[in-house]
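Hello,

Here is the structure for you to look at. My notes follow below it.

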Amino acid sequence: MGTERGSLRSLRDANRRRVIEALGQRGVASRADLARATGLSRSTVSSVVADLQRAGLVAERSGTDAVVHEAGVGRPPVLISLDRSAGGVVGIDFGHSHVAVAVADLSHTVLAERWEELDVDHAATDGLDAAVRLVEQALADADLPEDRVLGVGMGLPGPIHMPGGTVGSTSILPGWVGVDARAVMSERLGMPVRVENDANLGALAELVFGAGRGLSDFVYIKVSSGIGAGFVIGGRLHRGVGGTAGEIGHTQFSDSGFVCRCGNRGCLETTSAAGPITTAVSAARGERVNVAQVIELARAGDALAQRVLADAGRAIGVAVANLCNLLNPQRVIVGGELSAAGDVLLVPIVDSLRRHAIPTAAADVDVVAGQFGKRAEVMGALAVVLREPRHELASTVAEAVGERA
Ligand SMILES: [Zn+2]
């Protein structure tokens, strides 16, 4: 009998974790959505939700302010989300010249955001000090006590050695080399911290909050000072065995091209990232222009700026076509600083894709701009914790049910 009761309890605990996990991933869902997502029966889901409601961990929401439910048309079902008292998450993004912080609850509602311009490249300690201060301010803005923070996601604009999270390049973040940013931040905040690279953060931001919501397979391309990709395959971020998947910027285009920072020659980045684009436009105009100015010129009809951006788009599109042949995604989402150029960049990417991908792969995919601009990385830092690792978040909330029962 004892064993039987024990196994019943462990089954109930496992079901509870599955429901919390599915709800945490979606932010807002109906009981039917959760039954579909977990494979549990409607009655089991309803019973688990009732437990969670008794513990004050789940709140019902009116349909009007909630996201579109998966079932589609018809009378809107009652939507539920994890209650704010179940906890929240923090995202931190270190750019080259800013620190951004955001706080969200488990219904995926962003509660507070803070942004500070700062020369992050200069020294790691300045950046870390600023981030700690901004986290404190943002938690106060969000009215979320520190002990309710379930996890912190953090983005660094450089190659990160996983799983430790140290920065490993002298050329990208000179002031940060060898700093174990994850460990330092975790100790300063007294919270668990997960580190992710910028292209993966962009992919996660779109998966949880943006143009990748509800998609199982898509590719996020970040076009900025470098060109990187984040892959969502089967609904999960694909990092590769060493965390370096997605280095699309180092696709080789020419044996006799410029030498690249990676040590090879003729990589996509040497012709089509922010640096070569601004260099080409500046040289032709005889004045120094930055990325924002190139985009503004192109929008105003400047043929030279349009041509340089279109050439970059065409080259990126060839690499994207190869990617589509390999991965067969539903969508390619283009983010990063240069995505602000809009169709001037996107249309040539689509043209190349149609020209170079196999017809079936090209027919399955659409190309859209990312939804978050400069906020992509900080939104992704929130998404890191909301989305992965699923089990840790679910376990933490599931334990709270026991404590409150
Ligand atoms: Zn390279």
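First, a term: a residue is buried under 20% relative accessible area, exposed over 50% and partly exposed in between, with a 1.4 Å probe and protein chains only. The model is predicted, so local features need pLDDT of at least 70 and side-chain atom pairs count only at pLDDT 80 or more, while totals for chains, interfaces and linings use all residues. Residues are numbered from 1 along each chain as its sequence is written, and side-chain values use heavy atoms, with hydrogens and water left out.

Now the salt bridges (a side-chain nitrogen of Lys or Arg within 4 Å of a carboxyl oxygen of Asp or Glu). The whole structure has 19. In one of them, E116 pairs with R133, with the closest N and O atoms 2.7 Å apart. E116 lies in strand 6 (residues 110–117) and R133 in helix 4 (residues 124–142), so the pair ties together parts 17 residues apart in sequence. Helices (H or I, at least four residues) and strands (E, at least two) are DSSP runs, numbered from the N terminus. R133 is partly exposed at 36%. E116 is partly exposed too, at 22%.

D311 and R314 also form a salt bridge, at 3.1 Å between the closest N and O atoms. Both sit in helix 10 (residues 303–327), three residues apart, about one turn of the helix.

D13, R16, D51 and R54 are linked in a salt-bridge network.

Last, burial in two cysteines: C260 and C267 are both buried.

Best wishes
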